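I opened the model and kept notes as I went. Each entry covers one thing I looked up.

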Amino acid sequence: FVKFANIEEDTPSYHRRYDFFVSRFSAMCHSCDQDPEIQTEIRIAGIRGIQGVVRKTVNDELRATIWEPQHMDKIVPSLLFNMQKIEDVDSRIGPLSSPTGGEKEENPSVLAENCFRELLGRATYGNMNNAVRPVFAHLDHHRLWDPNEFAVSCFKIIMYSIQAQYSHHVIQEILGHLDVRKRDSPRVRAGIIQVLLEAVAIAAKGSIGPTVLEVFNTLLKHLRISVDFELGDRRSSAGSATFSTSSKENDERIVQNAIIQTIGFFGSNLPDYQRSEIMMFIMSKVPVLGTTSQSLDPSHLGDLGTRRIQIMLLRSLLMVTSGYKATTISNALPAPFLDPLLSPSLMEDSELRQLVLEILHNLIDRHDNRAKLRGIRIIPDVSDLKIKRDKISRQDVSFMKKHGQQLYRHIYLGCKEEDNVQKNFELLFTSLALITIELANEEVVIDLIRLAIALQDIAIINEDNLPMFNRCGVMALVAAYLNFLSQMIAVPAFCQHVSKVIETRSVEASYFLPETIFKDKCNLPKSLEKDQTDLFFLTNKIAESLGGSGYSVERLSVPYVPQVTDEDRLSRRKSIVDTVSIQVDILSGNSTEDKVNNTEEITFEALKKAIDNNGLEEQEKEKRRLVIEKFQKAPFEEIAAQCETKANLLHDRLAQILELTIRPPPSPSGTMTITAGHAHYHSVPVYEMKFPDLCVY
């Protein structure tokens, strides 16, 4: 038959069918003869027969019967059955090898693998699925997903043998099979996901096709299902912690880790434009306070389920963002991505905050400086780190004007959390350092110093009743960062002040330095004395040192207050709510004319007047809301410029009033000094005035 199959025919024979040969040769591939040598010979003969059928039929486009399911369901399992006998699986994965003639003649497994590769290499768009589906049936029937070494090797052979443009067909089939087996044991699902990972790793180098979002959507769906199973098992075994339940939970964690690895590997191999879309797609699935359109609805899982979903999705996002290099920071951190990432909903837990900061590091660090900044410490000479940086682009400057306050706010609020551990402080230090390297011009430097002083005040004043470890940790963070910043901007007087404070701390209060506070056994102080100014970084000293080097230091005297968002009004965090109420009190206290006399007599006329004034009150409320929003979100320079304009107008008006109301008298009765705005009027005669109250003003 093999000799017959090798004969090339000029014209196809339409009446000839090979059904009998397919059935007979497939049966020979499963020979179980008692004599091992005869068994091997029969199996080799069966495999050669199948190879002959394939060669005789697959090239004839008019006769595609060999690809029909009833034939593929016999041919493919017969080949896989013999391939299972390979002792060293890893030696067979990868592109087609060229075994020796002796191996071809004597080893059924090698012959079966070569025939399988040849079959797949001839598959076309229309019959690809018919060749792949029997593989799933074979792996299911023989329970080869756990352990899955053979399954992985099979799909590696498939991915390397088929034409590259058909890779997405195989990935779709794996995703479909994962959906079919979604109720199976965790280890089976983990085995299928690992196979998907290997297939994606090969396909990502070539054509992915239209399956990018489908892959991520399916994986995220199964991630939610796995978390649901894990928490369901935990609830069902509440009060009776058995070994089997613990084992199930661990198995679900294996599934979750496999999904995250697959998402991360797939995402990291995508081109940048697709990767940014996937980042947005994953971020849209993260449960965040104030958002309603979430396909991964964790509401029925409770707080624990929400937290698990958040952690899993952020870990996936961390994998996808690894190695991402955007030309401008606005491309890496667009507003629809940055806003939910910095949401207070993702600050409720120490691990969540760590993941958010690591994601920010991946996106901000465009020159691979993060490894040099690992670990919070006082760096003696920053120049030894050989930091790489470019000149700040105009787009990056614009980004910091628009979104800088969000980054500062996230760092500020992150330092106030009681459950912070050493890793949190290390990541916060790295965040400040990366912002300095990648995004800091002179204006941003001043903002970062204001932020550092505000963090120092958190520890000193301690309005949030933080534990002593946290207060010392914040002080150490500020010391490490200002030491780094002072050397980066290279202002000698600033460096001298920072070095002097650090030297004093090393002698009198070493627990304010990272090298001491983050040791396993560190003696913490019982209290922090506010009057020990030589241990603190002082605003006036910093302003004096920077002012001499040409920095605009006026804003250093304005204490940093975190930007307040709409989400904060829904948040349970006391510090944020207090900030909102303080700002509202200040604004409302300035407008005494809005106060209503509660003792006013209630009459028909009064009610009518109140109804008529309803529209005016609504306008007034809207006006006040806009004022509050402006002070919360507008850039500091814009607010300062407007206030300066108003001050100048007041100054001019007051000068006009003085000029109009003073009449020249026969003799002066005394002199006084009047101050208006920034101008001083010295030795102005005091005469009889039309407005006596002006003298008091």
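**Entry 1: a charged patch.** I started on the surface. Asp33, Asp35, Glu37 and Glu41 gather there in a patch of negative charge. I looked up the patch rule: its residues have over 30% relative accessible area and no salt bridge, like charges are joined within 9 Å, and nonpolar side chains (Val, Leu, Ile, Met, Phe, Trp, Tyr) within 5 Å. A salt bridge is a side-chain nitrogen of Lys or Arg within 4 Å of a carboxyl oxygen of Asp or Glu. Lys and Arg count as positive, Asp and Glu as negative, and His and the chain ends are not counted. A charge is placed at NZ of Lys, CZ of Arg, CG of Asp or CD of Glu. Areas come from the Shrake-Rupley method with a 1.4 Å probe; for residues, only the protein chains shown count as cover.

I then picked out Asp33. It sits in the loop between α2 (19-29) and α3 (36-57). Helices (H or I, at least four residues) and strands (E, at least two) are DSSP runs, numbered from the N terminus. Is Asp33 buried, exposed or partly exposed? Asp33 counts as partly exposed because its relative accessibility is 31%. The cut-offs are under 20% for buried and over 50% for exposed, with partly exposed in between (1.4 Å probe, protein chains only).

**Entry 2: ground rules.** This is a predicted model: local features need pLDDT of at least 70, side-chain atom pairs count only at pLDDT 80 or more, and totals for chains, interfaces and linings use all residues. Residues are numbered from 1 along each chain as its sequence is written, and side-chain values use heavy atoms, leaving out hydrogens and water.

**Entry 3: the whole chain.** I counted 29 helices and two strands in the protein chain. The chain has 697 residues, and 48% of them are buried. It exposes about 35,800 Å², with 52% supplied by carbon and sulfur atoms. Next came contacts (heavy atoms within 4.5 Å). Among those between residues at least 6 apart in sequence, 75% join residues at least 24 apart.

Entry 4: Which residues of α7 are buried? They are Met128, Ala131, Val132, Pro134, Val135, Phe136, His138 and Leu139. Their cover includes α4 (69-83), α6 (108-121), α8 and α9 (167-180).

Arg143 lies in the loop between α7 (128-141) and α8 (149-161). Arg143 counts as exposed because its relative accessible area is 72%. Its C-alpha atom is 8.6 Å from that of Val188, 45 residues apart along the chain. Arg143 is not a glycine, yet its phi is positive, about 55 degrees. Pro147 is in the loop between α7 and α8 too. A cis peptide bond joins Asp146 and Pro147, with omega about -5 degrees. I noted the general rule: most residues other than glycine have a negative phi, and most peptide bonds are trans.

**Entry 5: another positive phi.** Asp368 is not a glycine, and its phi is positive at about 55 degrees. I found Asp368 in the loop between α17 and α18.

**Entry 6: two asparagines.** Asn369 lies in the loop between α17 (350-364) and α18 (394-415). Asn369 is buried, with a relative accessible area of 0%. What does Asn369 touch, not counting residues up to four places away in sequence? It touches Ile387, Lys388, Ile437 and Glu438.

Asn424 has its place in helix α19 (residues 422-439). At 2% relative accessibility, Asn424 counts as buried. Leaving aside neighbours within four places in sequence, Asn424 contacts Ser350, Arg353, Gln354, Leu357 and Asp419.
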